[in-house]
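Subject: A structure for you to explore

Hello,

Here is the structure I promised to pass on to you. Have a look around it first, and then read my notes below.

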Amino acid sequence: MATIDKLMDKLVSLCKRRGFIFQSSEIYGGLNSCYDYGPLGVELKRNVKEFWWKAMVQSRDDIEGLDASILMHPRVWEASGHVANFTDPMVDCKICKGRFRADELNDKKPGQCPRCGNKDSLTEARQFNLMFKTFMGPVEDAANVVYMRPETAQGIYVNVYNVMQASRQKIPFGIAQIGKAFRNEITPGNFTFRTREFEQMEMQFFVKPGTDMEWFEYWKTQRMAWYDELGIRKSKLRFHQHGPKELAHYAAAAFDIEYEFPFGWKELEGVHNRTDFDLKRHMEYSGKDLNHFDDATREKYIPYIIETSAGCDRTVLTALIDAYDEDVIEGEARTVLRLAPAIAPIKAGVFPLVKKDGMPEVATKIHHELKKHFNVFYDDGGAIGRRYRRMDEAGTPFGITVDGQTLQDQTVTVRERDSLVQTRVAADKVVPFMQEKMAAYRRE
Ligand code: GAP
């Protein structure tokens, strides 16, 4: 990998230029920490979600899907502990008006503003609840307050027995969900790493107490392997175990899967053993019996929960950062996104070598044929090298070129983005050729 200066600046600029990610409401000056996914970004994000859904739901017999509503009964958030505890300590600088999380300040310089450097300029820390509030119905009073969910997990917990009965699952089994979550973060930043509106990909696995640590270990391994399959370099991933001070009040054990971002090692996903805390609390607050009765063993218990909680936007950002590379080909610099083919927004570019001799007609036919199988892009504008570069920058793994030889023997060249190997393939065999290559892909 080439030495990359200011990777984040380059990536943000590429994201805008190529239509991966735009600042929200840009023509009004933007809205802090809110982003829109453009044509390439929305494909990438959909592919990441599909990759997760396939691994966590469709390829398994023991996990069911769910799509719960964002607004839930306000008591849910009392039971979950979010109303009382989902807070960050906030301090303000009296001089420069900067706002910071007290737990992220430098312990060695107490009271000193990290932005303007003034000493003793910070206010006392105040606890700030991160949940967004709104009102249900026309009357804006305390009785009508509802919250924008700060995690998707609670929608799963309150539905556990609905799902279990409807799907005839037996413990151990899991429920998976992808959806929006909202947190009024004090210090959002690092592009889409920490935002106030984001999507989570969460799975809650319900197990018999006593088997929980075994399942916890199992899910740790599974989830780390998923990032490898997603094409993220192993050397950039690690586990971080929560020490006693970090461990949430409900958790018996917790590990983060961390990625080495340009701004340091940071959490990508949390794997938690949440014990029976959640269902116990919902039992207490709803008054409903949430015990499970096992017909086979005649045992009654509250299931323990192993949670895998990933950020979708954060995974997309990680995939982009990890894929970004610069190299030189035949004396010309190129920017390339080495995205795994499974998540690449466009799978192949189709190019007639020149815009004459019937090549565009043949290329168009191939383009339409490939479109039945993959998202592909037709481009007949400019020198072929330039067209390859444009696709490299979009992360497109294959370039298919129709040339003079195609007209004689119906073969095309298939160029591979990473190895730059060009193979002559019969035009009607391009689909299986690509499928085979995509299935065999492993990030170097
Ligand atoms: N249900 C457990 C839970 O929500 P979390 O560690 O608070 O746990 C899980 O969040 C994941 O959600 C994080 O690992 C991260 O990927 C993502 N996430 C959390 N806050 C985020 C934010 N403000 N912006 C983007 N992603 C966020």
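Let's begin with a pair of helices: helix 1 (residues 7–18) packs against helix 9 (residues 312–323) at an angle of about 110°, and their axes are 11 Å apart. That angle makes helix 1 roughly perpendicular to helix 9. Please keep in mind that this is a predicted model.

The crossing of helix 1 with helix 9 is right-handed. On the helix 1 side, the contact is made by Leu7, Met8, Leu11 and Cys15, while helix 9 brings Leu317, Leu320 and Ile321. What kinds of residues meet in the contact of helix 1 with helix 9? Seven are nonpolar, with no polar and no charged residues.

Helix 9 also packs against helix 2. The axes of helix 2 and helix 9 come within 10 Å and cross at roughly 110°, which means that helix 2 is roughly perpendicular to helix 9. This crossing, too, is right-handed. You can find the contact by looking for Leu44, Lys45, Val48 and Lys49 in helix 2, and for Cys312, Asp313, Thr315, Val316 and Leu320 in helix 9. Here the residues divide into five nonpolar, one polar and three charged.

Helix 2 (residues 39–58) has another partner in helix 7 (residues 212–229): their axes cross at roughly 140° and come within 11 Å. Helix 2 passes helix 7 in a right-handed crossing. From helix 2, Val48, Phe51, Trp52, Ala55 and Met56 take part, and they meet Trp219, Arg223, Trp226 and Glu229 of helix 7. Seven residues of this contact are nonpolar, none is polar and two are charged.

Now for the ligand. Which of the 18 residues around the ligand come nearest? They are Glu151, Thr195, Glu202, Glu267 and Glu307.

- Leu268 has a backbone N or O atom 2.9 Å from an oxygen atom of the ligand.
- Gly311 has a polar backbone atom 3.0 Å from an oxygen atom of the ligand.
- Phe193 has a polar backbone atom 3.5 Å from a nitrogen atom of the ligand.

As background, most residues other than glycine have a negative phi, and most peptide bonds are trans. Where does the model have a cis peptide bond? This bond joins Ile171 and Pro172, with omega at about 10°. Pro172 sits in the loop between helix 6 (160–167) and strand 9 (173–182). The other spot is Phe191, which is not a glycine but has a positive phi of about 60°. You will find Phe191 in the loop that runs between strand 9 and strand 10 (197–207).

Enjoy exploring, and do write back with any questions!

Best wishes

Key: Residues numbered from 1 in each chain as written. Predicted model: local features only at pLDDT ≥ 70, side-chain atom pairs only at ≥ 80, totals over all residues. Heavy atoms only, no water. Axes fitted to C-alpha atoms, helices over the stretch in contact; angles between N-to-C directions. Helix = DSSP H or I, 4+ residues; strand = E, 2+ residues; numbered from the N terminus. Parallel < 35°, antiparallel > 145°, perpendicular 65-115°, else oblique. Left-handed = near helix turned anticlockwise from the far one by under 90°. Contact = heavy atoms within 4.5 Å. Nonpolar A, V, L, I, M, F, W, Y, C, P; charged D, E, K, R; others polar. Near = heavy atom within 4 Å. Polar contact = N/O pair within 3.5 Å; in protein donor to acceptor, adjacent residues only side chain to side chain.
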